[in-house]
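I opened a new structure today and kept notes as I went. Here is what I looked up, entry by entry.

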Number of protein chains: 2
Amino acid sequence: MISKNSIAHQDYFIQLQDSICKAIEAADGKARFLEDKWERAEGGGGITKVMQQGNIIEKGGVNFSAVHGTVSPMMLRALELEKGEHFFASGVSIVMHPHNPLMPIIHMNVRYFEIKDYTSWYGVGIDLTPHYIVPEDATFFHNKLKAVCDTSDSSYYPKFKEWADNYFYIPHRAETRGIGGVFFDRLDVNAKNETFLKNLGESFAGIYTHFMQKNAKLPFTEDQKKWQLLRRGRYAEYNLAYDRGTRFGFESNGRAESILMSLPPVTHWDYNPDIQEGSSEAFTLAHLKKGISWISA
Amino acid sequence: MISKNSIAHQDYFIQLQDSICKAIEAADGKARFLEDKWERAEGGGGITKVMQQGNIIEKGGVNFSAVHGTVSPMMLRALELEKGEHFFASGVSIVMHPHNPLMPIIHMNVRYFEIKDYTSWYGVGIDLTPHYIVPEDATFFHNKLKAVCDTSDSSYYPKFKEWADNYFYIPHRAETRGIGGVFFDRLDVNAKNETFLKNLGESFAGIYTHFMQKNAKLPFTEDQKKWQLLRRGRYAEYNLAYDRGTRFGFESNGRAESILMSLPPVTHWDYNPDIQEGSSEAFTLAHLKKGISWISA
């Protein structure tokens, strides 16, 4: 039996998926999300929604999943838990790759996890990966996240911003994936945090449609397009080599096409590309660092 | 102090790198390998040789490295060794991505590893990843490898072919990376195996220039090119998520651009692409399985 609380969260995530897809479709104006329902042999399943070749979005996915089953000894060890028989995990995962190199890639994952009759928690990650870092855009993004955090608890933003800097990090490049955002896991399930989770989830559409309206029609050069394709390589490196959601998906025998909807549509890996000193590419690289504050009053 | 045996192997690998680069350049007829020497802060370094935009090779790398240093407790655990203070590791790593989708990707890694005053071993992996599996080409490749193996020991090919099937495998896709080849690790260092290692290393140029001559000018369609870009996605998935050489490189603070020369120049990830029943794409997928024998008398 799946708990009432699990079902309530699952229902919420299905609604969130639906509302985000509608907002992205409206802002894109051309492509629709195609829907694939899938079932997991061991329990549960999901709804994968993918958009390809829109006006603005080259490839984007909004995945809902709710899986459950028996807790394995490996899972107990990985989660550092003392006991547990039955788990339930549900959430929404989003990645958007735009055509325009002057528009950022965005990612969000909101999740609820429960070990029956024992414990439950929330986790969220939202981060922005501009191909070119533009301080004004970075400030808009972080100000929005801080405002959502501050509504619930003024200690949340600084803590979860730092966590994101550490989480969305590519060690072999000594670079952050992008300009970060917020990340947390194992946040207590209570009324305050449920509101917080929902506020974060519901902030997504407004944040990204802002960039869809502001940046999607900016003119760009061929060199800027090339740079975008190289930066997408870093995105693929992070997701395949480090991302814990991807690893968890692989190890729990998830649906590969759903997990990997996050990978960029077209990616280039050139050997050791030249970066001109003083260029906006060099500016971007110099700001793919932990600990930068993008907040402005 | 690095042992005499280490230096002898290092010198051999430098020669092997040089002779393979010359053979590939001659067969390509246009591009030259560019050379980057690098040093590792903790000891040793390497020579990375990369070719881009040749007549036949779109991107290819032939890397030599020889690194040494103090054995860490993590390394002892990873290698399941009881003791060891100083290690030396040297080898040559190659990946070739051709323009033509009807030409296979090839990979080889030959390596020597020594723990000073304790143990040493050889390791080799050679595998072929055709975008389209053609039985005639697969048989040519495996017959060549078997012939090299049989010269040293008739038990080697069956054993190391099976090892390659298991090693070059993408669990989340339930696919082998390509048609396999041979793989082994921890092979005793002795005169017989030294000859075997050298014979394998020296077979590389003949094998791949055969495909450069036979397949590089075959006419291909736009759909075949698209399929190649999708198959390259699988190659990137394998290398970033599973390949132990890549992981070892990341964890030992190796030079990222050298390690990742293996990644394809241009890669596509489409969501859930359609495969027509009875097509050569479907034939390929059906043969990306362990345990297929490609040998013919």
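**Aromatic pairs.** I began with rings and got 42 aromatic pairs over all chains. The rule pairs rings of Phe, Tyr and Trp (its six-membered ring) if their centres lie within 6.5 Å; planes under 30 degrees apart count as stacked, over 60 as edge-to-face and the rest as tilted. I picked A:Phe160 and A:Phe184, a tilted pair at 4.6 Å centre to centre with 40° between the planes. This pair links distant parts of the chain, as A:Phe160 is in helix 4 (residues 156-167) of chain A and A:Phe184 in strand 9 (residues 181-188) of chain A, 24 residues apart. Helices (H or I, at least four residues) and strands (E, at least two) are DSSP runs, numbered from the N terminus. I also checked burial: A:Phe160 and A:Phe184 are both buried. Buried means under 20% relative accessible area, exposed over 50%, and partly exposed in between (1.4 Å probe, protein chains only).

**A note on the model.** This is a predicted model, where local features need pLDDT of at least 70 and side-chain atom pairs count only at pLDDT 80 or more, while totals for chains, interfaces and linings use all residues. Residues are numbered from 1 along each chain as its sequence is written, chains are lettered from A and ligands numbered from 1 in the order in which they are written, and side-chain values use heavy atoms, with hydrogens and water left out.

Which residues form one aromatic cluster with A:Phe160? I found A:Trp163, A:Phe184, A:Tyr238 and B:Phe250 among them.

**Charges over rings.** I looked for Lys NZ or Arg CZ within 6 Å of a ring centre and within 35 degrees of the ring normal. The charged end of A:Lys198 sits over the ring of A:Tyr12, 4.8 Å from its centre.

**Between the chains.** I counted contacts next (heavy atoms within 4.5 Å). On the chain A side 29 residues are in contact with 29 residues of chain B. The area buried between chain A and chain B is about 2700 Å², and carbon and sulfur atoms give 55% of it. Buried area here is the accessible area (1.4 Å probe) that two parts lose on being put together, summed over both. A:Glu257, A:Trp269 and A:Tyr271 supply 31% of the area that chain A buries against chain B, more than any other three residues.

**Salt bridges across.** How many salt bridges are there between chain A and chain B? I get two, taking a salt bridge as a side-chain nitrogen of Lys or Arg within 4 Å of a carboxyl oxygen of Asp or Glu. A:Glu257 forms one with B:Arg173, the closest N and O atoms being 2.8 Å apart. B:Glu257 forms a salt bridge with A:Arg173, also with the closest N and O atoms 2.8 Å apart. B:Glu257 lies in helix 8 (residues 256-259) of chain B and A:Arg173 in the loop between strand 7 (169-170) and strand 8 (175-176) of chain A, so the pair joins two chains. B:Glu257 is buried, because its relative accessible area is 15%; A:Arg173 is buried too, at 13%.

**Salt bridges within chain B.** The side chains of B:Glu58 and B:Arg232 meet in one of them (2.9 Å, N to O). B:Glu58 is in strand 3 (residues 57-70) of chain B and B:Arg232 in helix 6 (residues 222-241) of chain B, so this pair ties together parts that are 174 residues apart in sequence. B:Glu58 is buried at 8% relative accessible area, and B:Arg232 is buried at 0%.

I then turned to B:Lys146 and B:Asp150, whose side chains meet in a salt bridge (2.7 Å, N to O). They are about one helical turn apart, because they are four residues apart in helix 3 of chain B. B:Lys146 is partly exposed at 27% relative accessible area, and B:Asp150 is partly exposed at 32%.

**One buried arginine.** Last, B:Arg177, placed in the loop between strand 8 (175-176) and strand 9 (181-188) of chain B. Buried or exposed? B:Arg177 counts as buried, because its relative accessibility is 5%.
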